[in-house]
Amino acid sequence: MHECKSIREYMEKHGVNPLMVIMSPRDFPISWYWINRIKFLDKLIIKYYPHHEAHQIARDFILKHKEYTHMLICTDDIVATPCHVRLLIEDYVQYKHPVISCYTNWEWINDWVNITDRDMRGINVIMPQQYRFYRLKELLGLILNGKVEYPLKRVFFVGLPLTLIHRDVLEKVPMRPYRYITDRALGKYMHRGIMHDLQFAIDCANNNIPIYVDLRCLTVHFGDTRRYINLANKKPYIKLVKAGEEA
């Protein structure tokens with residue numbers, strides 16, 4: 001399955017047709033290079049919207065377009081290749097889990113990856129230490145010693161870096177923020193929703209929807225890149241890019 005045609009044939013054979021959704025307030029050429037290499041999926045680009053609006057746009061679009069079986073969320077500050085996407089699709093075909101994700105480093109100071117087994121319900125989350133993220137070296141040791149589920153591990157939370165979500169999940173789970181804040185972090189004074197990944201994990205748990213991470217799908221995350229976001233004077237737009245076209 002090294003060519004676009006073969007992966008499209010594979011998806012058609014198994015009735016899988018994800019829509020890749022990029023909710024993008026940033027402009028990182030490295031990320032967009034790899035996003036553009038994923039030519040075998042339609043892409044919905046939601047550009048320069050605050051995240052609470054972008055998530056709602058994405059969910060509404062999927063629910064209105066029955067031809068798409070999944071939403072493939074891809075953030076715009078990671079390096080994720082076509083092989084990562086193909087593996088997630090193959091995972092769904094084999095295991096039928098409703099949520100299957102890659103994972104990433106959290107940032108560059110702490111040796112964390114963005115997954116945890118801790119049940120975050122009932123916790124007022126205000127700092128990253130509360131998640132009790134796995135450390136990468138710890139996780140690798142568990143894998144090598146056969147002390148963790150592999151290759152697919154069930155988790156409570158993953159940060160939605162490159163995540164395949166079945167449309168049935170979207171019908172049950174609103175893509176809503178964990179809380180709202182008011183600040184100028186995005187380049188202009190704004191009341192905005194944050195921590196959608198945490199609320200998604202909580203809503204999935206409340207609906208008995210399991211979240212799995214493929215431990216082979218480790219991607220590179222650029223860390224805290226909020227300083228590179230400036231929505232002032234940026235005109236938001238939405239663009240549907242069909243498979244085979246450049247984003």
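## Overall architecture

The chain's secondary structure comprises seven helices and 13 strands (DSSP runs numbered from the N terminus; helices are H or I with at least four residues, strands are E with at least two). Its radius of gyration is 17 Å, close to the 18 Å that the globule rule gives for 247 residues, so the chain is as compact as a globular protein of that length. The radius is taken over C-alpha atoms, and the rule is 2.2 Å times the number of residues to the power 0.38. The C-alpha trace spans about 50 × 45 × 35 Å along its principal axes.

This is a predicted model: local features need pLDDT of at least 70, side-chain atom pairs count only at pLDDT 80 or more, and totals for chains, interfaces and linings use all residues. Residues are numbered from 1 along each chain as its sequence is written, and side-chain values use heavy atoms, with hydrogens and water left out.

## Burial and contacts

Of the 247 residues, 55% count as buried. Buried means under 20% relative accessible area, exposed over 50%, and partly exposed in between (1.4 Å probe, protein chains only). The chain exposes about 11800 Å², and carbon and sulfur atoms supply 52% of that area. Accessible areas come from the Shrake-Rupley method with a 1.4 Å probe; for residues, only the protein chains shown count as cover.

Contact means heavy atoms within 4.5 Å. Among contacts with a separation of 6 or more, 76% come from residues 24 or more positions apart.

The largest nonpolar core holds 48 residues, and Ile-115 and Phe-200 have the most contacts inside it. Helix H7 (residues 196–206) gives the most to this core, with six residues. Apart from it lies another core, of 28 residues, including Trp-32, Ile-38, Leu-87 and Cys-217. A nonpolar core is a set of buried Ala, Val, Leu, Ile, Met, Phe, Trp, Tyr and Cys residues joined through side-chain atoms within 4.5 Å. In soluble globular proteins, nonpolar side chains tend to be buried together.

What does Phe-200 touch, leaving aside neighbours within four places in sequence? Its contacts are Val-99, Leu-160, Ile-165, Val-169, Val-173, Met-175 and Ile-211.

## A buried aspartate

Asp-76 sits in the loop between strand S3 (70–74) and strand S4 (78–79). Asp-76 counts as buried because its relative accessibility is 0%. Its side chain makes a polar contact with the side chain of Arg-26, at 2.8 Å. A polar contact is a pair of N or O atoms within 3.5 Å; within protein, one must be able to donate a hydrogen and the other to accept it, and residues adjacent in sequence count only if both atoms are side-chain atoms.

Beyond neighbours within four places in sequence, Asp-76 is in contact with Ile-22, Met-23, Ser-24, Pro-25, Arg-26, Phe-28 and Ser-31.

## An exposed lysine

Lys-172 belongs to helix H6 (residues 167–172). At 55% relative accessibility, Lys-172 counts as exposed. Neighbours within four places aside, Lys-172 is in contact with Asn-207 and Ile-209.

## Backbone features

Tyr-150 and Pro-151 are joined by a cis peptide bond, with omega about 5°. Pro-151 lies in the loop between helix H5 (136–144) and strand S7 (152–155).

Lys-96 is not a glycine, yet its phi is positive, about 65°. Lys-96 falls in the loop between helix H4 (82–95) and strand S5 (99–104), and is partly exposed at 48% relative accessible area. Asn-233 also has a positive phi, near 65°. The loop between strand S12 (211–221) and strand S13 (237–241) holds Asn-233, which is exposed at 86%.
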